[in-house]
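Hello,

Here is the structure I promised to pass on. Please open it first, then read my notes below.

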Amino acid sequence: VAKGMGKSTYCFYDEKINNSLMDKIELQSELRTAIENNEFDVYYQAQIDLEKDRIVGFEALVRWNHPTKGLITPAGFVQVAEETGLIVPIGQWVLLEACKQLKQWEEAGFTEINIAVNLSARQFKDADIVETVCEVIKETKIDPNKLELEITESIALENMSYSIAMIQKLKSIGVKFSLDDFGTGYSSMNYLKHLPVNNLKIDKSFLDTVMEDQNDQKIVSTIITLAQTLDLVVIAEGVESNEQAVFLKNVHCDKAQGYLYSKPIPQKDAGFLLEKLRERRNHANLTLEQAL
Ligand code: C2E
Ligand code: MG
Ligand code: MG
Ligand code: MG
């Protein structure tokens, strides 16, 4: 046991490092078990076409049903999963699961629904991703046009020529591509014209301040105009208020996603939501907001 103040502070510090290392090692081994035991879940967050005023898709978002810690969001494990490579089997499972779900909704008559799946850096960098995506499409018999793969700006920019080739390969199968978290990295309009993506997702951080900051409003409307000039569909992420939605409609943003419409919800609840909306809007001329 340390006697002096200095020494004990030192010990405390040392312990802390050990703890975080232990946490990480523990997390790694728990993640391995989690894959074997099927502890993951896919949650779905609605994506709204602002002009049609309808849900036109869902983003698949992974959750970990930890046996003792409960539901864990990606912030709690995706980084370690990425570092260990475990994100590859997890991501493959999410992709398969989301495509199965897409097929089910299509068969239930929800034919306008698309599905968006996030690809990690590891998955995107692995050339096998083309084969994986092909196999999943074949196995689930989905329309590849209804599958959107999301990569972040930083992943796309890491190796531009590889990214362009990879996106083109996957697009030739029929799948679409979205550039996620746009605005958090380089955000240069110059590279955008070289990336053959279909959709651009404006990061939540812009939306957070858009109602207070006139400059942010100008930036967002400029991003939308420029993106649309490049034939990109623009999706605003993290829409939480009605004011934000009104603003986005005024500047002709194509789609929106956020707590205002729906949080990410379990697969069953997403299905119930679609059924509820179909039921309510079939019988009365309700707006999405009224029907939600
Ligand atoms: P993302 O792809 O940008 O997903 C959007 C995140 O914003 C989600 O967090 C969603 O729950 C959250 N969000 C959406 N609308 C709102 C809102 O109105 N307000 C607030 N406060 N938050 C909102 P989530 O589910 O925790 O996911 C975080 C990130 O983890 C995702 O960011 C994505 O990068 C990553 N991720 C999620 N699922 C997967 C996956 O299956 N594979 C990979 N590789 N990454 C994933
Ligand atoms: Mg995403
Ligand atoms: Mg995002
Ligand atoms: Mg994000």
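The magnesium ion (ligand 3) and the magnesium ion (ligand 2) are 4.3 Å apart. D180 coordinates both. Ligand 3 is coordinated by D180 (OD), D181 (OD), E237 (OE) and E237 (OE), at 2.0 to 2.4 Å. Donors here are N, O and S atoms within 2.8 Å of the metal (3.2 Å for Na, K and Ca); water is not among the atoms, so sites may look incomplete. Along the chain, the donors of ligand 3 follow the spacing D-D-x55-E.

Now ligand 1. There are 23 residues around ligand 1, and R63, N118, D180, E240 and Y259 come nearest. A residue counts as near if one of its heavy atoms lies within 4 Å. By class, this shell has nine nonpolar, six polar and eight charged residues. Nonpolar means Ala, Val, Leu, Ile, Met, Phe, Trp, Tyr, Cys and Pro; charged means Asp, Glu, Lys and Arg; the others, Gly among them, are polar.

Taken alone, ligand 1 exposes 800 Å², and the protein buries 81% of that. Those areas come from the Shrake-Rupley method with a 1.4 Å probe.

This is a predicted model: local features need pLDDT of at least 70, side-chain atom pairs need 80 or more, and totals for chains, interfaces and linings use all residues. Residues are numbered from 1 along each chain as written, chains are lettered from A and ligands numbered from 1 in written order, and side-chain values use heavy atoms, without hydrogens and water.

Best wishes
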